Amino acid sequence: MWVMRTDERITLAMAELLRRQGYAATGVNQLARAADAPTGSIYHHFKGGKREVAEAALRSTGAAYIRLLPLLLDPYEDLVEGIEAAFAAAGEDMRGTGWANMCPVGTVTGEVADVEPRLREVAGEVMAGWIEEGTRYLAGRGLSEPGARSAMYALLAALEGAFILARGLRSVEPFAAAGRSVAAYVAALGDRAAEPGGAIIR
């Protein structure tokens with residue numbers, strides 16, 4: 001039977017705490033309780049303490065989140081339809097968690113970018129990775145490389161904004177509106193790609 005290592009439990013617990021309450025509100029003792037680990041084990045595995053755990057959590061959640069892109073969109077032959085459905089699913093997931101299911105990368109970036117420059121750098125690396133991997137995926141679905149890159153920026157900006165608005169308003173409407181907007185933008189990019197000599201969006 002597979003058993004999660006202590007450092008993995010600590011990283012996972014930190015990701016969950018960042019998602020729900022941000023970096024400043026998360027203390028080492030609370031993290032230890034959430035990870036079901038002695039406080040000393042945090043410093044054993046992460047010499048830099050809370051900040052180093054947060055870095056690991058941002059990287060691990062960032063890697064997990066970008067893997068959701070093909071999982072959510074591959075079932076749809078029509079990319080535009082898939083994007084709208086993915087935003088709707090994100091909204092329902094957030095509602096199902098009592099409006100707590102924020103993106104930890106976006107949450108930390110907005111919270112501590114000016115006071116924790118190392119965390120801002122890590123978050124920036126994660127976001128840059130999202131853009132690169134997402135661009136490759138969308139290009140594989142028929143968009144031009146510049147169009148795919150632009151679409152990925154639009155998708156991420158709309159999604160992160162929808163998280164904030166939905167949490168404040170306690171409504172899935174921001175996700176629905178954002179999904180429609182991004183889907184329309186991608187459809188327009190697809191129309192351009194489908195012009196003579198262009199690829200077919202799928």
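Q: Why is Arg-20 called partly exposed?
A: In this predicted model, Arg-20 has a relative accessible area of 39%. Buried requires under 20%, and exposed requires over 50%. The value of 39% falls in between, so Arg-20 is partly exposed.

Q: What makes the contact of Arg-20 with Glu-16 a salt bridge?
A: The N to O distance between the two side chains is 2.5 Å. The cut-off is 4 Å, from a side-chain nitrogen of Lys or Arg to a carboxyl oxygen of Asp or Glu. The pair meets it, so it counts as a salt bridge. Both residues sit in helix H1 (residues 6-21). They are 4 residues apart, about one turn of the helix.

Q: Which class does Glu-16 fall into, buried or partly exposed?
A: The relative accessible area of Glu-16 is 28%. Buried means under 20%. Glu-16 is therefore partly exposed.

Q: How do you know that Arg-118 and Glu-55 form a salt bridge?
A: Their side chains come to 3.7 Å, N to O. The limit is 4 Å, so the pair qualifies. This pair links distant parts of the chain. Arg-118 is in helix H7 (residues 117-140), and Glu-55 is in helix H4 (residues 50-73), 63 residues apart.

Q: Why is Glu-55 called buried?
A: Glu-55 has 13% relative accessibility. Buried means under 20%, so the label holds.

Q: What makes Arg-59 and Glu-125 a salt bridge?
A: The closest N and O atoms are 3.3 Å apart. That is within 4 Å, so the pair counts. This pair also links distant parts of the chain, with Arg-59 in helix H4 and Glu-125 in helix H7, 66 residues apart.

Q: What joins Glu-55, Arg-59, Arg-118, Glu-121 and Glu-125 into one network?
A: Salt bridges that share partners do this.

Q: How many salt bridges does the distance rule give?
A: The count comes to 11.

Q: Where does UniProt place the "domain: HTH tetR-type"?
A: The unreviewed UniProt entry lists it at residues 4-64. In the model, this span is 75% helix and 0% strand. Its end C-alpha atoms lie 16 Å apart.

Definitions and conventions. Residues are numbered from 1 along each chain as its sequence is written. This is a predicted model: local features need pLDDT of at least 70, side-chain atom pairs count only at pLDDT 80 or more; totals for chains, interfaces and linings use all residues. Side-chain values use heavy atoms; hydrogens and water are left out. UniProt positions are given in the numbering used here, feature names are shortened, and annotations may be inferred rather than shown by experiment. Helices (H or I, at least four residues) and strands (E, at least two) are DSSP runs, numbered from the N terminus. Buried means under 20% relative accessible area, exposed over 50%, partly exposed in between (1.4 Å probe, protein chains only).
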